[in-house]
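Hello,

Here is the structure I promised to pass on. My notes follow below it.

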Amino acid sequence: MGVDPGEEAVLRLYEGYSSPTHTGAGPRSIAELLEVLRDVRVAGVAMDDENTTSGIRCVAAPVLDHDGRPVAGIGVTFVSAAKKNAAQVNRTKKSVLGIGRELSQSFGYRGDALGVDNGISRMA
């Protein structure tokens, strides 16, 4: 089985790069990064839960074109203390995903393009 074209691009882009960590969290190798990216594709949303900076969280969703390819992203960064429980964070994720869906539709995305869902159809 070959390497996914998206993963191949990541491998080329980050060849020889070691990922610094400021908080001890987040991927530390290309293999770990690829695993995170696979999870993000399934979930349709990326979450930085204080991986880069202590006390800061980020949520982001893709904006897909008519072929289901990412052409942009939409995200929000907030102070962790502002959203103290899972329900508040989940509402933020839902909002970001909804905006990602709207923007994707404006780029011609109509769902399940090329047999790949990219998480967009789960956006509500």
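Where is Glu 50 found? Glu 50 lies in the loop between S1 and S2. Strands here are DSSP runs of E, at least two residues, and helices are runs of H or I, at least four, numbered from the N terminus.

Before the rest, the ground rules. This is a predicted model: local features need pLDDT of at least 70, side-chain atom pairs count only at pLDDT 80 or more, and totals for chains, interfaces and linings use all residues. Residues are numbered from 1 along each chain as its sequence is written, and side-chain values use heavy atoms, with hydrogens and water left out.

Glu 50 is not a glycine, yet its phi is positive, about 65 degrees. Glu 50 counts as partly exposed because its relative accessibility is 27% (buried is under 20%, exposed over 50%, partly exposed in between; 1.4 Å probe, protein chains only).

Next, Arg 57. It sits in strand S2. Its relative accessibility is 16%, so Arg 57 counts as buried. Its contacts (heavy atoms within 4.5 Å) beyond four places in sequence include Glu 50, Val 76, Phe 78 and Val 89.

Then helix H3, residues 86–106. At 1.5 Å a residue, its 21 residues should span 30 Å, and the end C-alpha atoms are 30 Å apart, which agrees (the expected span is 1.5 Å times one less than the number of residues). Among the buried residues of H3 are Val 89, Val 96 and Leu 97. The buried residues pack against S1 (46–49), S2 (56–64) and S3 (70–79). After H3 comes Gly 108, with a positive phi near 95 degrees.

Best wishes
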